[in-house]
Amino acid sequence: MEILLHICCGPCAIFPLKVLREEGHEIKGLFYNPNIHPRLEYKKRFETLLAYAEQHQLDVDHPEDYPFETFLKNVVPREDERCFLCYSMRLEFAAREAGARKFEGFTTTLLYSKYQKHDMIKDIGEAMARKYQVPFLYRDFRSGWSEGMKLSKMAGMYRQQYCGCIYSENERYARS
């Protein structure tokens, strides 16, 4: 199948890309993450992904702008729902793109992280699949967490210390 893979960052792409290619799928990447703050963090994650993608012959599409205001407009003042809203924004964008560009399915590297709300991501992905009439390719990539992290460290990839949003950044550094 030709799959559109929503990618949150380079390190999280390693294992899902490997698995999907081993299954015989043709993969196109999509970097759409309006949650990432600040702009320099967004840039680091994007540049790390592009370097990885070049080494692994992966085409990656992305919006030309830094869409942080989109995240804020959708989340403030509903911070208690921020993860649901964030996943929804990203997966809806991916599903809409996949449908419009006639991909046979879409999925996300968010399913790789042991820190994300896996069941919520799966439910949202399936809802967006119905809405945009393009299959959501569900895979639980968490089994490859250690492998992907090891490979990202060996490659010297930039590895962020928080999910990406201003709230997770605050939580991360408040504990320091």
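Is Cys9 buried or exposed? Cys9 counts as buried, because its relative accessibility is 1% (buried means under 20% relative accessible area, exposed over 50% and partly exposed in between, with a 1.4 Å probe and protein chains only). The model is predicted, so local features need pLDDT of at least 70 and side-chain atom pairs count only at pLDDT 80 or more, while totals for chains, interfaces and linings use all residues. Residues are numbered from 1 along each chain as its sequence is written, and side-chain values use heavy atoms, with hydrogens and water left out.

A search of the whole structure returns 0 disulfides, a disulfide being a pair of cysteine sulfur atoms within 2.5 Å. Cys9 is in none, and its nearest cysteine sulfur, that of Cys12, lies 3.5 Å away. Cys86 is likewise buried, with a relative accessible area of 5%. For the sulfur of Cys86 the closest cysteine sulfur is in Cys163, and because the separation is 6.0 Å, it is too far for a bond.

The next topic is the strands and the helices that link them. Helices (H or I, at least four residues) and strands (E, at least two) are DSSP runs numbered from the N terminus, and two strands pair if DSSP finds at least two bridges between them. Strand β1 (residues 2-6) runs parallel to strand β2 (residues 26-30), joined by 5 bridges; Ile3 stands opposite Ile27 in β2. Between β1 and β2 the chain passes through helix α1 (residues 10-22), forming a right-handed β-α-β crossover. Right-handed here means that, with the strands pointing away from the viewer, the path from the first strand over the helix to the second runs clockwise. β2 also pairs in the parallel sense with strand β3 (residues 60-61), over 2 bridges, and Gly29 is placed opposite Val60 in β3.

Two packed helices are described by the angle between their axes and the distance between the axes. The axes of α1 and α2 come within 8 Å and cross at roughly 35°; they are lines fitted to C-alpha atoms over the stretch in contact, with angles from 0 to 180 degrees between N-to-C directions. On the α1 side the contact (heavy atoms within 4.5 Å) involves Gly10, Pro11, Ala13, Ile14 and Leu17, and on the α2 side Arg45, Thr48, Leu49 and Tyr52.

Thr48, in helix α2, is buried, with a relative accessible area of 12%. Leaving aside neighbours within four places in sequence, Thr48 is in contact with Pro11, Met157 and Tyr158.
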